[in-house]
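Reader: Could you take me through how the labels in this model are decided? I would like to see each value set against its cut-off.

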Amino acid sequence: METPDNATAPAAGADDPTDPAEPTAPAAPAAPTGIAAQDWATASAEPQYRAAVVDLLGALAYGELAAFERLAEDAKLAPTLADKAALAKMAAAEFHHFEQLNDQLRAIDAEPTGAMEPFAKALDDFHHLTAPSDWLEGLVKAYVGDSIASDFYREVAARLDTDTRALVLAVLDDTGHGNFAVEKVRAAIEAEPRVGGRLALWARRLMGEALSQAQRVVADRDALSTMLVGGVAGGFDLAEVGRMFSRITEAHTKRMAALGLAA
């Protein structure tokens, strides 16, 4: 039907449900399915899943223990007493996370030392290859390296049972090191801009080493790699693993910007 000449057409977007300018509500996230919707008691009935979780908790536990040791060492390089105390507090938080993981391994009848042992060499090699030469490199290493590891574990946590997921996310809570490192590194670059180039190169090296070690660890552990590519937890496939590492790389780029460094 034609509109009379003296009729007023409705304004664009006014009560027009088809108007593309009208905002639409975001789709609700999909409800967890499979193992991600189960508790530990149910999910652990699958032996391969249980083995994958023991591996994951063992890797996390050794990572937290190593982080405690590294922060305690970094505290020795701190230029002020306040910095030394701040790092000591962060180290204590990492050790508390280690104790939580240790306790959980025992609770599921896994021997903690045995669970950590397969991951000790890879993590020790990483720390040996990336030993910082000074205070600033130590800060960047802890910020960049720990963040990459946390991103990886958070990605995996989405496919875990509800009980294990809650524990993993709890121990990945920021100990305060991120903001501390950003503040100190940005101040150092502002005081001496040429420091930024050196630290940017250092951070890129850390990124490469961290991803290589993560991929090597997963490839060496059958249960863990099967969980990542979809055999146990479901939902992951090889393409998604590639996208996962892309997301980790993107997050790294944003953190570099926060530090005032070129990625």
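Author: Let's start with lysine 141, which is found in helix 5; helices here are DSSP runs of H or I with at least four residues, strands are runs of E with at least two, and both are numbered from the N terminus. This is a predicted model, where local features need pLDDT of at least 70 and side-chain atom pairs count only at pLDDT 80 or more, while totals for chains, interfaces and linings use all residues. Residues are numbered from 1 along each chain as its sequence is written, and side-chain values use heavy atoms, with hydrogens and water left out.

Reader: How do you know that lysine 141 has no salt bridge?

Author: A salt bridge needs a side-chain nitrogen of Lys or Arg within 4 Å of a carboxyl oxygen of Asp or Glu. For lysine 141, the nearest side chain of opposite charge is aspartate 74, 7.4 Å away, and lysine 141 is buried as well. Lys and Arg count as positive and Asp and Glu as negative, with His and the chain ends not counted.

Reader: Which residues does lysine 141 touch?

Author: Leaving out residues up to four places away in sequence, its contacts include Arg70, Phe126, His127, Asp146 and Trp202. Contact means heavy atoms within 4.5 Å.

Reader: What makes phenylalanine 152 buried or exposed?

Author: Buried means under 20% relative accessible area, exposed over 50%, and partly exposed in between, using a 1.4 Å probe and protein chains only. Phenylalanine 152 has 9%, so it is buried. Phenylalanine 245, at 15%, therefore counts as buried too.

Reader: How many aromatic pairs are there, and why is the one between tryptophan 40 and tyrosine 49 called tilted?

Author: A search of the whole structure finds 6 aromatic pairs. Rings of Phe, Tyr and Trp (its six-membered ring) pair if their centres lie within 6.5 Å; planes under 30 degrees apart are stacked, over 60 edge-to-face, and the rest tilted. The rings of tryptophan 40 and tyrosine 49 have centres 6.3 Å apart and planes at 45 degrees, so this pair is tilted. Both residues are buried.

Reader: What is the arrangement of phenylalanine 152 and phenylalanine 245?

Author: Their pair is stacked, with 6.4 Å centre to centre and 25 degrees between the planes. It links distant parts of the chain, with phenylalanine 152 in helix 5 (residues 135-157) and phenylalanine 245 in helix 10 (residues 238-259), 93 residues apart.

Reader: How many helices and strands does the chain have?

Author: The chain has 10 helices and 0 strands. Buried residues make up 44% of its 263 residues.
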